[in-house]
Amino acid sequence: MMQHFILDFTADLQEIERFYKITISTSRLHRLEECISSKLEQLHLISFDSLDQEGQIDWLLSKNFLNRKLDQTRSQSQQVPELAEFLHPWAANLIELCEWRQRLVKFNGQSAAHIFAEATRSIKKTIEKLTQGKADTSKSGRYVADHASQVIDEIHTGLTEAVGFYRGFDPLLTWWMSQPWEALSRSMIELAKLIREKIVGSDTGGSSDIVGQPLGKEALIKEIEAEFLPYTPEELVKIGEQELEWCERELTKASHQLGYEDPKEALEHVKKTYVEPGEQIHLVHALAKEAVDYIKDRDMTTIPKIANEYWQTYMMPPERQKVAPFFLGGDNILVAYPTDAMSHEDKLMSMRGNNPSFSRSTVFHELVPGHHLQFHYMTRFRPYRKVFETSFWVEGWALYWEMVLWNGGFPAQTSQGYATNEAENRIGMLFWRMHRCARIIFSVKFHLGQMTPDECIRLLVDRVGHERATAEGEVRRSFNGDYSPMYQAGYMLGALQLMRLRQEMVHTDGQEKHFHDSVMKENTMPIELLRALLTNETLSPDRTSRWRFYDFKHE
């Protein structure tokens, strides 16, 4: 019953969003709110007590997802008036034209041409205003401007498709619209470009293209509750600080083992161990094999042959490295390494940041037993739960394995053909663990309004040891709008949850493999609900977060 319900509302929401492509469309937002409200009513008609444990978990996941989606949709509606400075009065009429095309409403070409001409005149007035420097360049103003430029791109894309659809097919419409559309298209492209140059890129703090809007404490608490975390924002920051302090102590030990008193000097030593051009892809494959062999030798989890053998390697383009300066992966692995077209400074920073010891964790984090293994299971076991995807399960699982392998002595292993030692490998693995601690601190504090993007960058440089360019890439990635507010905090917090759950459920070597396989076969969800499922907890429809998984010092 619940599986069908989830597939039904997932498909309905996807169809609405696919049909109404412009995110601020009144029709889109109204239809979404109407659909979500209807699905919530249907959900509450399903008898919770009549469901088995899996069904009750699906019920709670659906309730959490739909309520969160409803809040997000209403929040989007509330943001629309903020964009009026850039989009009023012309955008609404153009959005309506895009939707006429979607619904194939018959309209008069002369009327459309008039709408295009009026919009062009309005846009030119806005361009003139911006050229004269009459715009809000504060942090909040830059965020609104960035949002407006994205909406302009959406409308332009929609109109381009609409005009192309009718061109040649309806000669009368084409006759009226061709020239006015060309003029409008040029003005929209110019406006979006001007907004990005004059406002979005106006910051003088060294992070000019990093734009984000802090949620504020009330909205952040809602996001934390949606992830089933019984902690305040301040407590989450405390977790990040406490874990970072542990890493710093371990880094000092590893630095002494390597012969350095200052951990920064030890980090600098490790960064200089980068491989020569052309070798990085071979290093990746050696590191991937090393992790798989280690796990297989100890029978720690099931690694299907298909999952182990069928992944491909691609090089990350230079532009992508500005947002993701290290590896990315899942279905395949994207290797960050300099190309011949990059500047000398950028080449060195990329090579230093992707040295063998740093890469040890990132390779198996992205492949096996990390994301590639996850994605293999996600398409085969309860795939309908993908809609509930959370970084606490996805990223938490990959970082959890970094912790498990650290505890099992993995840093003592050396990659065949690549000279590293245990101390260097410990430093490399600690670098990433420190990075994930810092992500909790800066992402929560940013949304509380307590840190700016440039302060986030300095935290990564000063306490973690990032190169300036890689720190900028990580912060840019965090706040560019592609990730939910708690996404970056989910790495470390999710891993800590899984480590505590492991302590509760794994008491003998034989239980470890069963535990890992069970986690994979349940698919993605908040870890507290995963715990409730695996421990067969008695559930109720008003279940809220209550699992205090972390032990604070002196708590």
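Started with the rings: Trp100, Phe107, Phe165, Tyr166 and Phe169 are linked into a cluster by ring pairs. My pair rule takes rings of Phe, Tyr and Trp (its six-membered ring) with centres within 6.5 Å; planes under 30 degrees apart are stacked, over 60 edge-to-face, the rest tilted.

Ground rules, before I forget: this is a predicted model, where local features need pLDDT of at least 70 and side-chain atom pairs count only at pLDDT 80 or more, while totals for chains, interfaces and linings use all residues. Residues are numbered from 1 along each chain as its sequence is written, and side-chain values use heavy atoms, with hydrogens and water left out.

I looked up the pair count and got 28 aromatic pairs. Trp246 and Trp406 have ring centres 6.2 Å apart and planes at 70°, so I logged them as edge-to-face. Trp246 sits in helix α10 (233–258) and Trp406 in helix α18 (391–407), so this pair ties together parts 160 residues apart in sequence. Helices here are DSSP runs of H or I, at least four residues, numbered from the N terminus.

Next I checked burial (buried is under 20% relative accessible area, exposed over 50%, partly exposed in between, with a 1.4 Å probe and protein chains only). Trp246 is partly exposed at 25%, while Trp406 is buried at 9%.

I also found Trp397 and Trp401 paired edge-to-face, 5.8 Å centre to centre with 75° between planes. They are four residues apart in helix α18, about one helical turn. Trp397 is buried at 0%, and Trp401 is buried at 0%.

Technical notes: Helices (H or I, at least four residues) and strands (E, at least two) are DSSP runs, numbered from the N terminus.
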